[in-house]
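User: Hi! Could you walk me through this one? I have a few quick things to ask.

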Amino acid sequence: MKKLFIVLALGLISSAYAQDRSSGCGMGWQVTRSMTTTGSYTRALTNATFSNTLAMTSGTSGCAKHDLVMKQKEKIHYVESNLVPLRREVAMGEGERLNALAAVWGCANTEAFGPALKQNYRDLFYKKEASDVVQKIDELFKGQCALNS
Amino acid sequence: VIIFFLILSSVASLFAADEIFFVQWNKLLHKSNQVNSGLWLAGKDASDKEELDATIKAFNSKENWDTNNHAQCLYPARRLLIKKHLGEDLFPQSKCPDYDEWFEKLNPQGISIVFAGNYPDNPGSLFGHTFIKFIGKETKENLLDYALNYSAEVSDDIGVLYAIKGLIGGYYGGFSLAPYYVKVNEYAEAEGRDLWEYKTALTPEESQFILSHIWELKNRAEFHYFFLSDNCSSFILKLLDIARPEWNLEKKMPWYVIPLETVKVMHTNEEIITDTIYRPSVRLRSQNSFASLGINDQKKVKNLLDNKTDFSKESDAKILKVAAMQLAAIHSRKDGVLSDELAQKEEDILVRLSELPTDHSFTNKVLPSPHGGHDITQVSIGGIFDHREDLLLGYRLGVHDLNDYAVGYLPYSELVIMDAQVRANRNKLDLQSINFLSMNLLRPWTIMYLLAMKSIWS
């Protein structure tokens with residue numbers, strides 16, 4: 001019995017770094033096991049930010065073969081994955097996710113991009129789903145990085 | 001056919017000269033720990049040289065030419081290695097539609113090893129976790145790179161079975177690629193763990209070699225995954241060794257491979273890690289932003305969150321920013337779901353914030369890197385005042401206890417594994433104590449801590 005306990009205890013520790021599940025298909029692997037003794041932080045934030053639409057939009061075609069985001073799904077995948085921290089950064093007008101957002105829209109190093117989003121924050125982000133956000137940003141820039149006035 | 005074999009044998013004589021080729025070739029084959037013999041063209045018992053001959057032969061085969069099933073498309077790392085060391089003209093190059101597309105999209109220019117530190121307040125997770133980041137070509141934005149995770153493919157076993165299976169290799173290892181922002185959200189946002197990105201000195205060519213080898217393994221290899229030895233981190237060392245055999249990292253580890261220790265091993269040779277980027281978790285950033293305020297401003301933030309003041313009247317962006325950061329930390333603590341009331345508050349605060357100029361940035365405290373921490377195994381020797389002929393001898397396998405210097409570790413915590421003490425004198429040896437495993441987390445009562453507890457965490 002004692003041996004079993006030791007084995008279990010070691011397992012508990014190792015689970016802290018070995019617990020990733022990698023089914024490779026969809027987002028299910030992000031669900032963590034409540035294994036660690038002093039509290040396990042679930043990946044609910046990640047899961048919560050991935051709505052069901054992502055299952056359709058993530059573009060993990062034939063999940064075993066390709067796990068890269070398809071080019072035409074990059075925007076929705078990015079916004080959906082990052083929505084919670086992203087809107088915070090847009091409202092603050094600075095941050096790494098905001099810069100990466102500009103790059104996803106093909107507007108890297110465009111100084112007006114961030115300020116334009118901040119200026120239109122309420123319209124773009126207030127109580128919006130990821131798909132709405134993508135559509136609104138697309139409308140705002142209409143395929144160009146400079147604002148269409 | 002005769003000419004073909006002549007070519008092969010003349011090539012063979014060159015091989016002897018190229019020792020480095022065979023070192024790398026051997027590592028690509030994973031003969032020692034590979035389960036699926038489908039990975040080898042010449043079978044499990046063939047020598048490395050026979051496998052090489054079979055590979056070159058298959059690379060010349062016209063069957064499946066320019067399709068995904070051609071041997072060149074199944075073994076792109078072998079192809080790179082043979083071309084580099086043995087010559088470009090041993091076989092014409094087949095097209096590989098799927099691989100070429102995949103490779104082009106990732107096209108790494110470098111490789112970073114990312115270390116995820118412990119969960120907050122959880123000494124059990126001191127070991128950490130590591131994964132690889134491929135530094136992409138066109139994406140200058142760090143977050144848009146891709147991360148490769150190697151981990152156990154876990155089924156829904158119950159706890160005890162899970163632990164036992166994990167220890168004795170009952171699970172297989174699996175690879176998963178995901179945008180780096182997904183991993184950052186997972187660790188730094190949702191789990192509250194700090195990330196350290198260690199950029200390696202690997203060249204674009206070496207990084208691409210590793211990526212091409214991942215393709216070889218991804219769908220065909222089956223490795224037993226051992227929580228303590230053949231795990232996420234030992235696999236990363238293996239990959240680094242394949243690209244740079246002279247680093248010889250895997251051999252520098254004891255039989256158990258702890259992620260934290262692999263990060264230290266990567267620092268034993270100064271040329272391996274060229275740059276470090278620290279990414280504090282959202283919880284830490286939130287604490288830092290709160291701590292950066294004066295006591296009056298801290299009160300304002302608290303009042304804002306407690307509905308005692310109206311956010312729409314607040315015109316100090318700094319206050320709103322810190323309030324938003326506190327909500328972000330709660331996001332992370334409450335499993336990502338805010339109550340309706342807090343969610344509404346967050347929406348409102350962010351709208352208000354977007355209307356104000358925000359030019360104030362917070363500076364983050366940089367925590368000491370985990371690789372700077374003390375080594376984990378400890379031997380001790382001591383005496384007893386009134387029994388001077390006795391000697392106390394101690395040994396601790398790992399990891400950290402309260403007497404140790406806490407730099408690089410979770411302060412006020414301990415994780416002790418296999419700690420034993422004997423008392424010895426000329427006549428006998430007494431076992432004084434033995435501790436297989438213990439964890440401790442203390443809550444120090446400092447003024448700052450009490451202040452913090454009194455504020456929003458209550």
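User: Let's start with B:Ser229: buried or exposed?

Analyst: Keep in mind that this is a predicted model. In it, B:Ser229 counts as buried, because its relative accessibility is 19% and the cut-off for buried is under 20%.

User: Okay, and where is B:Ser229 found?

Analyst: B:Ser229 lies in a loop of chain B, between β6 (224-225) and α10 (232-243).

User: Which residues is B:Ser229 in contact with, leaving aside its neighbours within four places in sequence?

Analyst: With those neighbours set aside, B:Ser229 touches B:Ser234, B:Trp255 and B:Val257.

User: Thanks. Switching to helices: how many residues of α8 in chain B are buried?

Analyst: Eleven of its eleven residues are buried, so helix α8(B), residues 180-190, is mostly covered.

User: What follows α8(B)?

Analyst: B:Gly192 follows α8(B), and the phi of B:Gly192 is positive, near 70°.

User: Now α3 and α5 in chain B. At what angle do their axes cross?

Analyst: The axes of α3(B), residues 48-60, and α5(B), residues 76-86, cross at roughly 100° and come within 11 Å. That makes α3(B) roughly perpendicular to α5(B), because angles of 65 to 115 degrees fall in that class.

User: Which residues make the contact there?

Analyst: From α3(B), the contact uses B:Glu51, B:Leu52, B:Thr55, B:Ile56 and B:Phe59. On the α5(B) side are B:Arg78, B:Arg79, B:Ile82 and B:Leu86.

User: What about the surface? Which residues form a nonpolar patch?

Analyst: B:Ile381, B:Leu391 and B:Leu393 form one on the surface, and together they have about 270 Å² of accessible area. B:Leu393 sits in strand β9(B), residues 391-400. B:Leu393 has a relative accessible area of 33%, so it counts as partly exposed.

User: Last topic, chain A. How many helices and strands does it have?

Analyst: Chain A has eight helices and zero strands. Along the sequence, the pattern reads α-α-α-α-α-α-α-α.

User: And how much of chain A is buried?

Analyst: Of its 149 residues, 50% count as buried. Chain A exposes about 6,700 Å², and 56% of that comes from carbon and sulfur atoms.

User: What share of the contacts in chain A is between residues 24 or more positions apart?

Analyst: Such pairs account for 43% of the chain A contacts that have a separation of 6 or more.

Technical notes. Residues numbered from 1 in each chain as written. Chains lettered and ligands numbered in written order. Predicted model: local features only at pLDDT ≥ 70, side-chain atom pairs only at ≥ 80, totals over all residues. Heavy atoms only, no water. Patch = residues over 30% accessible without salt bridge, like charges linked within 9 Å, V, L, I, M, F, W, Y side chains within 5 Å. Areas by Shrake-Rupley, 256 points an atom, 1.4 Å probe, with all protein chains shown as cover. Salt bridge = Lys/Arg side-chain N within 4 Å of Asp/Glu carboxyl O. Helix = DSSP H or I, 4+ residues; strand = E, 2+ residues; numbered from the N terminus. Buried < 20%, exposed > 50% of the residue type's maximum accessible area, 1.4 Å probe, protein only. Contact = heavy atoms within 4.5 Å. Axes fitted to C-alpha atoms, helices over the stretch in contact; angles between N-to-C directions. Parallel < 35°, antiparallel > 145°, perpendicular 65-115°, else oblique.
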